[in-house]
Amino acid sequence: MGIPARSAQRSSGKPQQGGDGSATGAGTAAVSAFGRMALWLPTGPLELGPPRRRAVLALLLINAGKVVSISSMVRSIWETEPPDHAIATLQSYVSRLRRMIADRPLHGGAELQLEYRSPGYLLNAMPEHVDVMRFESAVGQGLAAQRRGDLPETFALASVALRLWTAPPFEDLTGYEFAAQEAVRLDQLRLAAVEARAAVAFALGRSEEVLPGLEREVADHPTRERLVYQLMRSQYHNGRQADALRLFERTRQYLADELGADVSPQLRQVHEEILHHDPSLARFPGGSGSPLVAARAAERPVSAAAPVAADWQHGTVDRPGLPCQPGRLVTGAPAAFVGRREELRRLLAAAQHSHDGEGRTVLVVGEAGLGKTRLVRELGRLCQESGTDVVTVNCPPSEDMPPYWPWTQALRRVAARRPDAMRSLPDSAQCTLAALVPELAPDKAPGDRPELSGAGRFALHDAVSQALLGTARRPLVLVLEDFQWADAASLHLLPFLTRQSADSRFLLVVTLRSFRIADDPGLRATRAAVLQSLNAEEVRLDALSLDETRRVVAGARGIDPELCAALHERAGGNPYLLLGLLESLRDTATVQEVHGMVPPVIREVINERLSGLPAEILELLNSCAAAGPGGVHGAVPRGAVDRAVRGGLLVADETAPEGIGFVHQLIRDVVRQELTDAAPYYRPTVRATAPAVEHSCAREEAMPWRAHVAAAREMPSTRAVSARVAEGGSGGQGAGSGAPSTAGAVSPGTPWPSRPR
């Protein structure tokens, strides 16, 4: 395999023209492999001698930092016809090279170390002194920046790499197979840099800068369809629609004549878009329309039409310089992200990949109130600004949800946006979908409700995938929120669609609560199946840091650092809980008062969220709350503890081998309040844990709990809650009381806590 003919420039110590047509501006490397192999002294090039000696140096340089065995060197230098004294000849070449570079500083003070190390020779060279190593490092860093979504850095690093490429590497040694193979490998890296630079140039609005280089590359590599794709886009963006269409026809004819193959679907699609002046061509890749550029990690404020209160409710916002009264939220003000820059960057990078024909599925995971909804709404806003359709479906926590309900809603909403694409589906797919959504195919007789297993389920999954991916000929983003409430049939479809979408322009974003993943085996299996696909990833949201909390509350006057730290600790870094505390914060609030705050709104929301937990977990939470923040000491059901810890409700207490405590103080205190209000009905729990609660109250100076403990001492004694929990019981009955033995240990579907009225 040969290297395409390029300009045979040689490294001369002067700026040269690189692969992108610009001057390198980089100093001469001490070791040059681009063009003719050379070593550079401060005074000029060092003569290396005959070709085989140069080949020995090249072989060691390609394997720099690794020992190359003598037998391997003989095979590489002489291949199948070594001379009688090949080893002695090889040793003479190495000896001569060692004398040439020994104690002789090269250009820039570089040093090469060539030494014998059994069973062969080792060459040590610093990468910054070898031009091909500089090149490879720049390409690697550029591709890494592209994966991170850092577009300007990608463009800069790819440009540096291409400027370093002054001629094909090891050009004087192509007769040696090892050198030819290395030249091919490096050329593939160069093409990767060309493609990465072109891809981000579209998003940065710099397509005219890459156009000349792309034309040269396509001329040299007419079968590399990604280059053809990028050149067609670049030509279109620079007012050369006719050239782009002619390029497509030449490529199609060339592939048919030379390979008997047709062009790729991606190339055919961009041809149709150019032919019809598709709006997505003008908006998304051309510059400011790209969501990656529009966002730049969400530095720009969101639309003022959305109230800050609504944003805070679902995520984290920053309100710099907005004056307000303590305890009152400002509405109608611009908001920007706090603490979610990296997560948004990853979502935008996935959107860029899907736009380029590499479909993605992203799972956004976090506990309730951490800002999953706010995050995906910001993604949707940026994508819509770039001309990409965004469809959102919210899954309600309903036990009566019919099979495939979220997907049914998604199909309806996508069909409303793109009716023509939906009508163009094959008849078989339309008939299958009519069983779910009859209005999608009014002229087709709807079939029976699809089977949820076997061939019927597969046919339905295939039809749904065809419908969603078929409508994504233009970029499409589908957001499924609170998918932890989805029915089992809908869960089965998620990994299937993920695998099918790899070569599409479809981005699927799914939000999930972390506790449900930890506690629901079906959901956990679905997540694992999705993440096995190479085009899927998971974005996890963590709690806000103290600094981020300070930025969130910076707009409220009178919040000193100590009070802010208390709010952060009380909310546990959860932005939704922080919002509730700020709404209820008095002007004269103290740190001690903050640590005891349980606003009614927060109490109601926490109760509602806890009501969906299994009875075993509820009983464990009740026990932990009654025993105090030090944790429940004694036997507890290991499975329940593991589930609660994995789900982010409890945390291990390092001070005791079997101790556990609440992640959030607010949740602990809400559970305690429910136990107190229901004390006459839940005497066993309170009485059994009274000593621990009294000790906890003494430590926390929580005076209201002393009355609670005193009342507990007057209650009839029953078996200890720790003993009941150790037996694995949940939802047991108190002695003759007819009431549950533990507040919250209720059957599924019963509102929690079940308090007397």
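**Cysteines**

I looked for disulfides, meaning a pair of cysteine sulfur atoms within 2.5 Å, and the structure holds 0 of them. This is a predicted model, where local features need pLDDT of at least 70, side-chain atom pairs count only at pLDDT 80 or more, and totals for chains, interfaces and linings use all residues. Residues are numbered from 1 along each chain as its sequence is written, and side-chain values use heavy atoms, with hydrogens and water left out.

My terms: buried is under 20% relative accessible area, exposed is over 50%, and partly exposed is in between (1.4 Å probe, protein chains only). Cysteine 395 is buried at 4% relative accessibility, while cysteine 431 comes out partly exposed at 32%.

**Overall tally**

I got 34 helices and 13 strands for the protein. Helices (H or I, at least four residues) and strands (E, at least two) are DSSP runs, numbered from the N terminus. Of the 757 residues, 53% count as buried. I also looked at contacts, which means heavy atoms within 4.5 Å. Among those between residues at least 6 apart in sequence, 72% join residues at least 24 apart.

**The sheet S4-S6-S5**

Next I traced an open sheet of 3 strands, in the order S4-S6-S5 with antiparallel pairing. S4 (67-69) and S5 (113-117) are its edge strands, each pairing on one side only. On average, neighbouring strands here are turned by 25 degrees against each other, direction ignored. For pairing, DSSP has to find at least two bridges between two strands.

I zoomed in on S5 and S6 (residues 120-124), which run antiparallel and are joined by 5 bridges. A hairpin through 2 residues connects S5 to S6. I picked out two bridge pairs: leucine 114 with leucine 123, and arginine 117 with glycine 120.

**Helices on that sheet**

H1 lies across S4, S5 and S6, at about 70 degrees to S6. H2 (residues 70-78) also packs on the sheet, touching S4, S5 and S6, and its direction makes about 70 degrees with that of S4. For these angles, axes are lines fitted to C-alpha atoms, for helices over the stretch in contact, and angles run from 0 to 180 degrees between N-to-C directions.

I checked the length of H1 (residues 51-62) too: its 12 residues reach 16 Å from first C-alpha to last, close to the 16 Å expected at 1.5 Å a residue. The expected span is 1.5 Å times one less than the number of residues. Of the 12 residues of H1, 9 are buried, so the helix is largely enclosed by the rest of the structure. Among the buried ones are Arg53 and Arg54, along with Leu57 and Leu61.

How many residues of S9 (residues 476-481) are buried? I found 6 of the 6, so S9 is largely enclosed by the rest of the structure. Leu476, Leu478 and Leu480 point one way, Val477, Val479 and Glu481 the other, and all are buried. In a regular strand the side chains alternate between the two faces of the sheet.

S8 (residues 389-394) pairs with S9 in the parallel sense over 6 bridges, and valine 393 has leucine 480 as its bridge partner in S9. S9 is also joined to S10 (residues 506-513) by 5 bridges, again parallel, with leucine 478 opposite leucine 508. The chain gets from S9 to S10 through helix H20 (residues 488-500), and this β-α-β crossover is right-handed. By that I mean that, with the strands pointing away from the viewer, the path from the first strand over the helix to the second runs clockwise.

**Helix H16**

I ran the span check on H16 (residues 405-417) as well: its 13 residues should span 18 Å at 1.5 Å a residue, and the end C-alpha atoms are 19 Å apart, which agrees. Its buried residues include Pro406, Trp407 and Val414.

**Two single residues**

Glycine 371 sits in the loop between strand S7 (360-366) and helix H15 (372-385). Glycine 371 is buried at 4% relative accessible area. From glycine 371 to arginine 340 I get 8.6 Å, C-alpha to C-alpha, although the two are 31 residues apart in sequence.

Threonine 549 is in helix H23 (residues 546-552) and is buried at 1%. Which residues does threonine 549 contact, leaving aside its neighbours within four places in sequence? I found Leu544, Cys564, His568 and Leu578.
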